[in-house]
Each structure stands twice: as C-alpha cells, then as structure tokens.
Amino acid sequence: MPVMSDLMVTLRRAARALKDAEIGFALAGGYAAYARGAAEPTHDVDFVLRQEDVGVALAALGAAGMEHRASPEDWLEKAYDDGRLVDLIFNPADRPVDVDLLRRAEPLSVSAITMPVLTATDLVIMRLLAYTETTCDFSEFLPVLRALREQIDWPQVVKETSHSPYAYALIELLGRLGVIEPQRGQPDE
C-alpha cells in the first residue's frame, strides 16, 4: 500500500476542518487537477472560498493546528501545517470567488474524503487568467491540460479568457500540439 504524502495529509486535515466549520469552499489548483486525473502536486494545497469566509476558515484551520501567516498578496491568505502551505484563494486573477463558482464545484472523493472540487473548466480558466508578462511559463501546466483535456469545455475557456494574450497563446499552442482541436474565432474575431 502506497504511503500517503505529507502534503496529502495536510489536504485531508484542511478539508476536514473546512467541512466541519461548514464553510463553502472548493478544492482548487494542483490537487483539484489530481482529483480529476492529473499527477499529484508537490508544492501546496489550494482552496477557493468567498472573501467573507476567510476569517472563519483561518480560525478553523488554526483550531486544527495550522498557523496563519500574513500574505503580501491581496487575493489570498496562507496557513501552514508543519511547514506545508495551504492557500485560501478568494480573488483569483481579479475575479472574486462567488456562490456560482462554488455551486459548480463537484463533490469528489480525494484520498477518501468527499469534498467539492472545481470543475476542470473553472480550474483551467482560473489558471489561464493567472498568467502575466512575468509568470507565463506553460511547462508545468501542459501535463495537467493533457490529462484533463476531455473534461474541459474549451469554447467556454476561450470565451472567458479571450481578453488574455497569455491564455490565447497557450490555447493556440495546445491546438498546434494536437492536444485539443484548434479553437477558431479568438480573440474577438
């Protein structure tokens, strides 16, 4: 039987604390991709939640033994579980987490705990909109896109990210690599 990674233990502890506190949240980032078939991440655990729920979430994680550390970013808060990072994201890419995003999340079993997980489409939109001039290395996300490509509503991704030249470049690359069908009519054509 495989040994559970320390980061997976942190994921389980954090999800249980958020569920017990009855906070609306969804698993995001690398572990949301993992829950949908991508490789297990090794960096951190990401959850999305509404900004008004962040204080309650930090208190719940604190009660579970995690330490809140102030974040310089204005779109997330951080908690640490014995040095392992848990991000509480409430405003990814200047798009506040809302009830609709959380309602679209699907309950999936992740390491024997059922929790809401972002849809593959929402996960990809969120990631593509995070690319900027200084953070546009696609190499780490390409394997995730390959793993999830059949679960993603690509026309919706194109529509939601049409204003981003970085998203456009990655979608074009995916089409040229044969990962997805080429997407026509973007941006604003």
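Biologist: How much space lies in the second largest pocket?
Modeller: About 260 Å³. This is a predicted model, where local features need pLDDT of at least 70, side-chain atom pairs count only at pLDDT 80 or more, and totals for chains, interfaces and linings use all residues. Residues are numbered from 1 along each chain as its sequence is written, and side-chain values use heavy atoms, with hydrogens and water left out.

Biologist: What counts as a pocket?
Modeller: On a 1 Å grid over the protein atoms alone, a pocket is an open set of points where a 1.4 Å probe fits, with protein on both sides within 12 Å along at least five of seven lines. Lining residues have an atom within 4 Å of a point. Points are joined across faces, edges and corners, and the volume is the space filled by probe spheres set on them.

Biologist: Which residues are closest to the centre of the second largest pocket?
Modeller: R95, L101, R104, D122 and E160, out of 14 lining residues.

Biologist: And which helix gives the most to that lining?
Modeller: α5, with four residues. Helices here are DSSP runs of H or I with at least four residues, strands are runs of E with at least two, and both are numbered from the N terminus. α4 (99–104) and α7 (154–161) also supply at least two residues each.

Biologist: What about the largest pocket, what is its volume?
Modeller: About 1100 Å³. It has 34 lining residues, and G29, G30, D44, D46 and R127 are the closest to its centre. The largest share of this lining, five residues, again comes from α5.

Biologist: Changing topic: which residues of α7 are buried?
Modeller: W154, V157, V158 and T161, where buried means under 20% relative accessible area and exposed over 50%, with partly exposed in between (1.4 Å probe, protein chains only).

Biologist: What is on the face turned away, and what covers the buried side?
Modeller: The exposed residues P155 and K159 are on the face turned away. The cover over the buried residues includes α5, α6 and α8 (165–177), counting contact as heavy atoms within 4.5 Å.

Biologist: How many helices and strands does the protein chain have?
Modeller: Eight helices and seven strands.
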